[in-house]
Every structure is written in structure tokens, then in C-alpha cells.
Amino acid sequence: MRIRRYLRDSGRVLAFVFVASVIWLLFDMAALRMSLNEVNTELLKERVIREKDPRDANAVGQFGQPAVVGWKEDAEVKKRWDEGHFNVYLSDKIPVDRAIPDTRPLVHDDLPSTSVIFCFVDEVWSTLLRSVHSVLNRSPPHLLKEIILVDDFSTKDYLKKQLDDYMAQFPKVRIVRLKERQGLIRARLAGAAVAKGEVLTFLDSHIECNVGWLEPLLERVYLDRKKVPCPVIEVISDKDMSYMMVDNFQRGIFKWPLVFGWSAVPPEDIKKFNLTISDPIRCPVMAGGLFSIDKQYFFELGTYDPGLDVWGGENMEISFKIWMCGGEIEIIPCSRVGHIFRGQNPYKFPKDRQKTVERNLARVAEVWLDEYKDLFYACWMLNSIVTPGRGER
Ligand SMILES: [Mn+2]
């Protein structure tokens, strides 16, 4: 008897615990739902405030929140329902231009800000200005922290006071002057050292950023700070200055001895993986002129090897470091930037151009290629006999 009573009692306790748990769980789920809704609403509110939107943040149904009517108004709701076969009474209370949540997939409203860094030496006035204006005009202001122009000891007069005066009208543009010629690699480091944005975006100084170029790049960094996204580089004709589209699905690759090149993604792969322009394309190496990188990650990688001179090989060096230190290089097909490809570097190298590039490449091979450096040296010997010198990438 005692045992039976004990079981009956403990059964009651168990039942009570079970019911209490279910109630608690339901309560928890409701609280979570509410807090998620709140996060969404808070983000939207923030955006409305940032955009100085004149809309009333407390209006009925604002931000797509459910609007409720008191029980006293129930009759009115019923009466007017048939006017449109929905809650016409409430609809009339909601502002005609209310904000609603942005429910597109993969759109984030809290992307990191970027510093855009242009390094130049004796760049042509109009192309430099067009580069800067394309960034100012086609970047969302809240994502563009600043534009840093690093003057690598230019000799042209128009790049001195005339440039200072011109850029003074744009508060976001800063000019850093190097006191002696450093070359692209160390000039970029000088820009990175003073950058205030969370992301560094390096661009060539003869480019034109296309519509919506920046957001897809920043989104990749936002999703994973070790992703290093590059835009598709479209072509601005050096002859008639026309803007030309290129194949969106290309990879940055290298051939021995560390010669950068492009390789089209095979059409059968595009079909097989159902690739669209919003899909990133992973690349072994980057072209080097245009990319975004999380600032802290750039410094964790040890930046560029400052022992590399002027130009050449730095794109291989940073690419190998990124892949070997947990990162990934991607081309983002829906981000486009036009670039004037030139037959050769128009500026002078302090020392012999070919020797500088070769020295840089050998330095990269020695540091990063281990036993593969034999391949590098063998192909280098062969290459220098067959094709001496190369154009700008
Ligand atoms: Mn270039």
C-alpha cells in the first residue's frame, strides 16, 4: 500500500514537473520570438534615425510590426472588413510610407566601414580625380569612412598644392605625402598605418568604381573576417576610354615562375554548380590592384613584406599568406570596378624594373614555396630566355 501511495504521489509530482516544464518552454519560445522581433525593429529604427528619415518611429504598424486594436474597436473592424476583405480599419491607421524589414536573403544592415586607399606616383590628374569621384559617388556614405591618397613622392607639380586645394572640398579625403620614393608596397603600408576604417580597401589610381561595387565586398568580410574579396576588374580602353564588360566568372591564377593570369571558370562548371553573379569565386591568387581586407586581419598576417621593392610579387606574397593563415581569396562577380590596363608601368623604377620584379618574386619563392621553389627557379631560367620582360598586370 505504502509503495502504491508513494508511486501515486510521485506520479503527481512528475506530472506537475512535466506541465511546468512545458509552460516554461512555451514561455521561453515566446520570449525569444519577441526578442528577435525587437532586434529587427531596433536595426530598422537605427536606420531610420541614421537616414534622418522624417517618418514617425512610433506610428501604428511602423517597421512592419503587428498593429493591434482594442476590443472596443472590434465592431468597427468587422464593419469595414468587407470594404477590401482585409483589415481596412487598421490599414487606414498605418502611415502610407511605413518602413518594413528588408527580408532579402543575405542583406546586412550593419556592414563594417572601410578606408579606401589609393597609392599613386605621377598619376594623370583626370584619372586620379575620376577614381576618387567614382568612390565618393558610388559608395554608401555610412560605409565609406575615408579616402586616403598616398602620394609616393610624385614629381608633377599639379599633384602638390593643386591637389591639396581640390581635395579640400571633400572632408572624407586625406592626403598622405611620403618623403621619399617607397614604391607601391610600402606606400600601401603607409596608408594602412593611418586608416581608421574597420576594413582596408586598396584600389589602383586609374579606376572607376561601378554602381553597388562596395557592399558585396564588405559583406564577405562581415560574414567572415578572413575572407579577402576582390571585385571583377572590367576594362577601360586605353584608346577610346570606353568602359567594357568582361567575363564575370574568372579566377586569378598563376603560372610558373609566379606569373599572374586569368582563367575562365568552365561553362560546364557554371552549369553544374548553378553559379550566379552573387556567388563568390575562390581564387588561388589575386591580381593585387583591387581588394578589401579586414584591417586587423591584414596586420595579423604581418601586412606585406616591407622588404619587397616598388611593385611586383606583392600580390603573390599576400595571396600565399592569406591561404596559409586560414583565409580565402574570392572574386565577387557582382562587384565591378573598371581599370585602365596599361602596356607597362608609366613611372620609373628607382632601379632596373625587371631586376626589381625578379628579386621580389625570388624573395616570395624563398619564403613561401618550400621545395616548390625549384620549379620557380627552373621556369624562371627558361622564361627569361624565351620572353624577357612583361607588361603591367
Ligand atoms: Mn593598374
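Me: In which sense do strand 4 and strand 11 pair, and over how many bridges?
Reply: First, this is a predicted model, where local features need pLDDT of at least 70, side-chain atom pairs count only at pLDDT 80 or more, and totals for chains, interfaces and linings use all residues. Residues are numbered from 1 along each chain as its sequence is written, and side-chain values use heavy atoms, with hydrogens and water left out. Strands here are DSSP runs (E, at least two residues; helices are H or I, at least four), numbered from the N terminus, and two of them pair if DSSP finds at least two bridges between them. For strand 4 and strand 11 the sense is antiparallel, over 4 bridges.

Me: Which strands are at the edges of the open sheet?
Reply: The sheet has 5 strands with mixed pairing, in the order 3-2-1-4-11. Pairing on one side only marks the edges: strand 3 (173-177) and strand 11 (291-294).

Me: Which residues coordinate the manganese ion?
Reply: Donors are N, O and S atoms within 2.8 Å of the metal (3.2 Å for Na, K and Ca), and water is not among the atoms, so sites may look incomplete. Their sequence spacing reads D-x1-H-x132-H. At 1.9 to 2.3 Å you get Asp204 (OD), His206 (NE2) and His339 (NE2).

Me: How many residues apart in sequence are the parts that His206 and His339 tie together?
Reply: His206 lies in the loop between strand 4 (199-203) and strand 5 (207-209). His339 is in strand 12 (residues 328-340), so the pair links parts whose sequence separation is 133 residues.
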